[in-house]
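Please keep the sequence and the model in view while reading.

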Amino acid sequence: MSKPIQITSAPGSSKSYKTGSWRTNKPIFKHDTCNDCRICVLVCPDACIFGSDKVYDANLDFCKGCGICAYECPVDDIEMVLEVK
Ligand code: SF4
Ligand code: SF4
């Protein structure tokens, strides 16, 4: 028997879930060698990187610390560090 299609009754509810609490590492945007390519903005699976004009940061309420932004940054301007709580 197939499963029923799951439909949320309240679209947009993901903003209520602060997924950043799952994190063990966090990105540090060094604002040093950024070339404004915006690759980090495009690859972040949580769409939580914001900024412009070579100054980007992550919204740590939602960043899960996956490290993809740091891995993909072509100029190593993002460093992953251990989260200290
Ligand atoms: S990927 Fe790196 S160089 Fe590109 S915008 Fe982000 S921080 Fe800047
Ligand atoms: S570590 Fe992952 S979730 Fe956090 S800002 Fe970078 S790409 Fe997004």
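With 7 C-beta neighbours inside 10 Å, D53 counts as exposed (12 or fewer other C-beta atoms within 10 Å, placed from the backbone; buried means 20 or more, and partly exposed lies in between). This is a predicted model, in which local features need pLDDT of at least 70, side-chain atom pairs count only at pLDDT 80 or more, and totals for chains, interfaces and linings use all residues. Residues are numbered from 1 along each chain as its sequence is written, while chains are lettered from A and ligands numbered from 1 in the order in which they are written.

Q: In which order do the elements of the chain run from the N terminus on?
A: The chain has 2 helices and 4 strands. Helices (H or I, at least four residues) and strands (E, at least two) are DSSP runs, numbered from the N terminus. The order is β-α-β-β-α-β.

Q: Which residue in the turn between β2 and β3 has a positive phi?
A: Strand β2 (residues 49-52) and strand β3 (residues 55-58) run antiparallel and are joined by 4 bridges; strands pair if DSSP finds at least two bridges between them. Within this pair, G51 stands opposite Y56. The two strands form a hairpin with 2 residues between them, and the turn residue with a phi of about 50° is D53.

Q: Is D76 buried or exposed?
A: D76 is found in the loop between α2 (68-72) and β4 (78-82). Its phi is near 50°, a positive value in a residue other than glycine. Because D76 has 11 C-beta neighbours inside 10 Å, it counts as exposed.

Q: Which residues come nearest to ligand 1?
A: A residue is near a molecule if its C-beta atom, placed from the backbone, lies within 6 Å of it. The shell divides into 10 nonpolar, 1 polar and 3 charged residues; Ala, Val, Leu, Ile, Met, Phe, Trp, Tyr, Cys and Pro count as nonpolar, Asp, Glu, Lys and Arg as charged, and the others, Gly among them, as polar. Of the 14 residues around ligand 1, the nearest are C34, C37, I39, C40 and C73.

Q: Which residues come nearest to ligand 2?
A: Around ligand 2, the shell comprises 9 nonpolar, 2 polar and 2 charged residues. Of these 13 residues, the nearest are C44, A58, C63, C66 and C69.

Q: What percentage of the residues in the chain is buried?
A: The C-alpha trace spans about 55 × 30 × 25 Å along its principal axes. Of the 85 residues in the chain, the buried ones make up 18%.
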